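Open the model in your viewer and keep the selection panel at hand. The stops below run from the whole chain down to single residues.

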Amino acid sequence: METPSLLHGHQSKVPTDRRSMKLKIFQRFHHNQLDMEMQKRLLAVMGGAEVPEEWKGAIPGISYRLGPGFNEEHQGWKVRLVVNNFLDDRESNNVIGIIRGEVEPDRFVVLSNHRDAWGYGAVDPSSGTCAMMESARILGSLVRAGWRPRRSIVFASWAAEEHGIMGSNEWVYDKIHKLMNRAVAVINTDICVSGDILNPSASPSLKSVFVEAIKSVPSTKDSSKSYYEFLKEYYENGETPVDNIEDKLKYLDPDLIMHPLHTLLESHHCITILT
């Protein structure tokens with residue numbers, strides 16, 4: 001798979017990994033977005049058993065079913081889909097901001113998120129973008145007051161993530177030698193808000209650091225407790241109780257670990273987290 005590269009630069013090759021293997025498989029299938037009305041017409045005539053309750057969507061008047069094929073009244077139906085697309089070259093830019101470190105300015109902590117979305121992007125990615133922008137605003141005000149971080153902080157707003165993680169790919173490949181030698185950590189805030197219970201995924205090296213960090217964060221449910229205390233009680237009283245919060249901290253999805261920036265940092269015993 002080739003991705004667009006820097007102006008007058010090289011065409012980067014994405015290494016063969018699970019993601020590119022999946023792309024090769026899914027290239028055999030047609031994939032196109034349908035509007036709500038068209039989805040409703042197709043779902044209304046689906047056959048098979050009903051889906052589990054937690055799988056059901058919110059389209060009114062629909063009995064969600066697993067398939068395959070259509071119901072008894074519509075056996076033998078075929079769907080003819082006419083898609084009118086055009087290919088075009090578009091430019092999309094990463095936006096990078098840097099707070100220069102005071103002690104080790106040539107070492108980097110990267111705080112990142114993409115800004116493009118399918119649809120309006122209220123959760124993915126805008127909830128994470130809000131957190132990143134607010135972090136940049138607060139740290140910027142501290143810099144103006146005379147504070148400097150020990151290491152340099154890089155704020156990265158990635159372009160064209162939904163079209164193949166292109167923006168972050170290109171940035172990493174362009175700076176791979178510097179990142180391999182001097183990057184310390186990457187914190188990617190793609191989806192920050194998707195419910196009222198924290199559900200983080202992280203590399204193994206971050207688990208203990210994360211647990212220690214939430215001991216200093218007040219609970220959003222009860223300000224007299226830390227978020228660690230709240231989560232501990234929540235998990236102890238859940239359907240499948242656990243004693244150790246670290247057991248509920250998920251590892252990064254293997255496909256995300258294959259992302260070059262995560263792989264790069266993981267291979268050098270640095271911290272990575274996706275919230």
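## Confidence and overall layout

Colour by pLDDT, the predictor's confidence in each residue, from 0 to 100. The chain averages 79, and 80% of its residues reach 70 or more. Now select residues 254–258, where the pLDDT is below 50. Beyond near neighbours in sequence, this stretch has 12 contacts in the model; a contact means heavy atoms within 4.5 Å. Move on to residues 262–275, where pLDDT also stays under 50. For these residues the model has 55 contacts beyond four places in sequence.

This is a predicted model, so local features need pLDDT of at least 70 and side-chain atom pairs count only at pLDDT 80 or more, while totals for chains, interfaces and linings use all residues. Residues are numbered from 1 along each chain as its sequence is written, and side-chain values use heavy atoms, with hydrogens and water left out.

Switch to cartoon. The chain has nine helices and nine strands. Both are DSSP runs, numbered from the N terminus: helices are H or I with at least four residues, strands are E with at least two. Of the contacts with a separation of 6 or more, 65% are between residues 24 or more positions apart.

Show the surface. Its accessible area is about 18,600 Å², from the Shrake-Rupley method with a 1.4 Å probe; for residues, only the protein chains shown count as cover. Carbon and sulfur atoms hold 55% of that area. Of the 275 residues, 32% are buried (under 20% relative accessible area; exposed is over 50%, partly exposed in between; 1.4 Å probe, protein chains only).

## Two cis peptide bonds

Select Gly67 and Pro68. A cis peptide bond joins them, with omega about 0°. Pro68 sits in the loop between helix H2 (36–43) and strand E3 (95–99).

Next, select Asp124 and Pro125. Their peptide bond is also cis, with omega about 15°. Pro125 lies in the loop that runs from strand E4 (104–114) to helix H3 (126–144).

## Positive phi in one loop

Go to the loop between strand E5 (151–158) and helix H4 (166–174), where Ala160 is found. What is the phi of Ala160 near? The value is near 50°, positive in a residue other than glycine. Is Ala160 buried or exposed? Ala160 counts as buried because its relative accessibility is 16%.

Stay between E5 and H4 and select Ile165. Phi of Ile165 is near 50°, again positive in a residue other than glycine. Ile165 is buried, with a relative accessible area of 11%.
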